[in-house]
Amino acid sequence: MSQETAFTGKRVLLDSGATVGPATIYVDSAGKVARIESEYRPDGASLDAGDKLLMPGIVDGHVHINQPGRTQWEGVVTASHSAAAGGVTTIVDMPLNCIPSTVTVGAYRQKRESFQKGMWVDVGTWGGVVPGNALDLAPMLDAGARGFKCFLCDSGVDEFPPVNEEQLRAAMVELKKKNGLIMFHAEMDTGATVDAAKNPIEYNTFLDSRPPNMEVKAIDLVIQMCREFAPHVPCHIVHLSAADALPAIRAAKAEGLPLTVETCFHYLSISSEDIPSRSTEYKCCPPIRGKENRDKLWDAVLDGTIDFIVSDHSPCTPDLKLHPCCGGKIAADSVEGDFVKAWGGIASVGIGLPLLWTEGQKRGLSFQDIVRLICERTAVHSGLRDRKGKIAVGLDADFVVWSPEEENKITADKLHFRNKLTPYKERVCKGAVHQTVVRGSVVYDVTKTTDDDKWENKFSKHALGQWLETPIARSN
């Protein structure tokens, strides 16, 4: 008992099936939840949330950290700082945009080594499926990769080429031996091209070149392959944008196929009609679509067709966005704000909670829904069900303390990722994070306004995150 630390609050939500109420959570010296009492006990508590909401730490299963190799785009220190400031206690890195791509055990180990001493939250990684690496997949799972991602179209970087159906099948044969998860960037070529007669600084010029049928075609193939390898290879669709694919997804789920689907904060909080000219910070692939499409995605979130929500934090330097923000330099042969040529990706790790809460309140989203969508289900998806996603005895003591009622303007000083170019700058939301706790240690605290030997710029002085390579725990 003497080695326990206590975290208490008047409004505590332990999991998506619980009610909000007073609780005190006792954490052991290993950073695990030791016991929970249904009472508010501020005396002697290490952290007193008071009237703020204390809930499980967020698990963001789709983040591009870009380390090693492209740390001018991002890096583990800035990415994990941004995560911590937004109540995200676990991030799972994608296998591309880093160099080398995480497609071999050697590349996996290189990434793991590069992350040491730079993680303010817990971090894991996905591996990648590319042409010719099918025999590398099982060894990467054994090493600690949480699963694998592939592209069915050009990825945007030469070192991570797409796979065709034959290459995909070869990979899934190997994954079947391990019940390994495979994830799909689900767009395929349908012959759509950019209309050269249209102005490239207008968003619709780009949008029209990535029509919904690119996603529909790819998702039809995903479902076909999922059926062929069911139940041994769970399949996952990343960053669903096109609501036109929802009927096929609903039918596949009704069939009992092991298929899951995510969407992203930007598809739920932005509509294409609201994107200004030259504002390439909004560009991503698949693209943000219209309001009607957005409403249908929300319906799918609320009815459970879409399983969970992630950031898909995919930053780059402003010059690649052809944007003058933040010191961006635009080449003489380029056009400022050219949506067609700009890099596609939205910077957003750590911003998701207020975005989701602000938009979700309009649609009846509850605190329990929030926990289900960005904590519990993302933990299960990442193979971390036995450690993350809920506040329960034996699990990691990962918490976020936030004020749902507080107005929160997303200003530049609140952006902790490396390049501050994001469509959310100056956006006014509801909900502000006050503290973030990773395995019983406070890593971010808005009250720490003075730097000392333990705190710097509201973050713990020392990186307290860990690399996650524990055995996969995905099944419910």
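**Entry 1. Pro162**

I take helices (H or I, at least four residues) and strands (E, at least two) as DSSP runs, numbered from the N terminus. The model I am reading is predicted. With those runs marked, I placed Pro162 in the loop between S10 and H4. Is Pro162 buried, exposed or partly exposed? I noted a relative accessible area of 30%. Buried means under 20% and exposed over 50%, so Pro162 is partly exposed. I then listed its contacts, leaving aside neighbours within four places in sequence: Pro131, Phe151, Leu152, Cys153, Asp154 and Gln167. Pro131 is 31 residues from Pro162 in sequence, but the two C-alpha atoms are 7.2 Å apart in space.

**Entry 2. The open sheet**

I followed the strands of an open sheet and wrote down six, in the order S9-S10-S11-S12-S13-S14, with parallel pairing. The edge strands are S9 (127-128) and S14, each of which pairs on one side only.

I looked up two of the pairs. S10 (residues 148-151) pairs with S11 in the parallel sense over four bridges, and here Cys150 stands opposite Phe184 in S11. S12 and S13 are also paired in the parallel sense, over three bridges.

Which residues of S11 are buried on each side? I have Ile182 and Phe184 on one side, with Met183 and His185 on the other, so both faces of the strand are covered.

**Entry 3. Helix H6**

I checked the length of H6 (residues 212-229). Its 18 residues reach 26 Å from the first C-alpha to the last, close to the 26 Å expected at 1.5 Å a residue. The buried residues of H6 include Met214, Ala218, Leu221, Val222 and Phe229. Glu215 is also among the buried residues of this helix. What do the buried residues of H6 pack against? I listed helices H4 (165-176) and H7 (246-254), together with strands S11 (182-185), S12 (235-237) and S13 (259-264).

In the loop between H6 and S12 I came to Pro231. A cis peptide bond joins Ala230 to Pro231, with omega about 0°.

I counted the buried residues of H1 (residues 76-85) and got nine of its ten. Among them are Thr78, His81, Ser82 and Ala85. The cover over the buried residues of H1 includes strand S7 (88-93), helix H2 (105-115), S16, strand S17 (441-445) and strand S19 (459-460). Just after the helix, Gly87 takes a positive phi of about 80°.

Next I looked for His416 and found it in the loop between S15 (399-409) and S16 (428-438). Is His416 buried or exposed? Its relative accessibility is 15%, so His416 counts as buried. Not counting residues up to four places away in sequence, His416 touches Thr78, His81, Ser82, Ala85, Asn457 and Phe459.

**Entry 4. Backbone angles**

Most residues other than glycine have a negative phi, and most peptide bonds are trans. I went through some residues that depart from this.

Asp312 has a positive phi of about 50° although it is not a glycine. Leu322, also not a glycine, has a positive phi of about 55°. I placed Asp312 in the loop between S14 and H10, and Leu322 is in the loop between S14 and H10 too. Asp312 has 8% relative accessibility and therefore counts as buried. Leu322 is buried, with a relative accessible area of 8%.

I also noted a cis peptide bond between Cys285 and Pro286, with omega about -5°. Pro286 is in the loop between helix H8 (265-269) and helix H9 (291-303).

**Entry 5. Cavities**

How many cavities of 30 Å³ or more are in the whole structure? I have five. The largest cavity holds about 70 Å³ of space. Of the 13 residues that line it, the closest to its centre are Ile58, Asp60, Val88, Phe265 and Gly352. S6 (58-63), S14 (308-310) and H10 (352-361) each supply at least two residues of this lining, and S6 gives the most, with three. By class I noted nine nonpolar, three polar and one charged residues in the lining of the largest cavity.

The second largest cavity has about 50 Å³ of space. Among the residues lining this second cavity are Glu281, Cys316, Lys321, Asn419 and Leu421. By class, its lining has five nonpolar, two polar and two charged residues.

Terms used
Residues numbered from 1 in each chain as written. Predicted model: local features only at pLDDT ≥ 70, side-chain atom pairs only at ≥ 80, totals over all residues. Heavy atoms only, no water. 1 Å grid on protein atoms, 1.4 Å probe; cavity = no way out; pocket = protein on both sides within 12 Å on 5 of 7 lines; lining within 4 Å. Points joined across faces, edges and corners; volume = space filled by probe spheres on them. Nonpolar A, V, L, I, M, F, W, Y, C, P; charged D, E, K, R; others polar. Expected span 1.5 Å × (residues − 1). Buried < 20%, exposed > 50% of the residue type's maximum accessible area, 1.4 Å probe, protein only. Contact = heavy atoms within 4.5 Å. Pairing = 2+ DSSP bridges.
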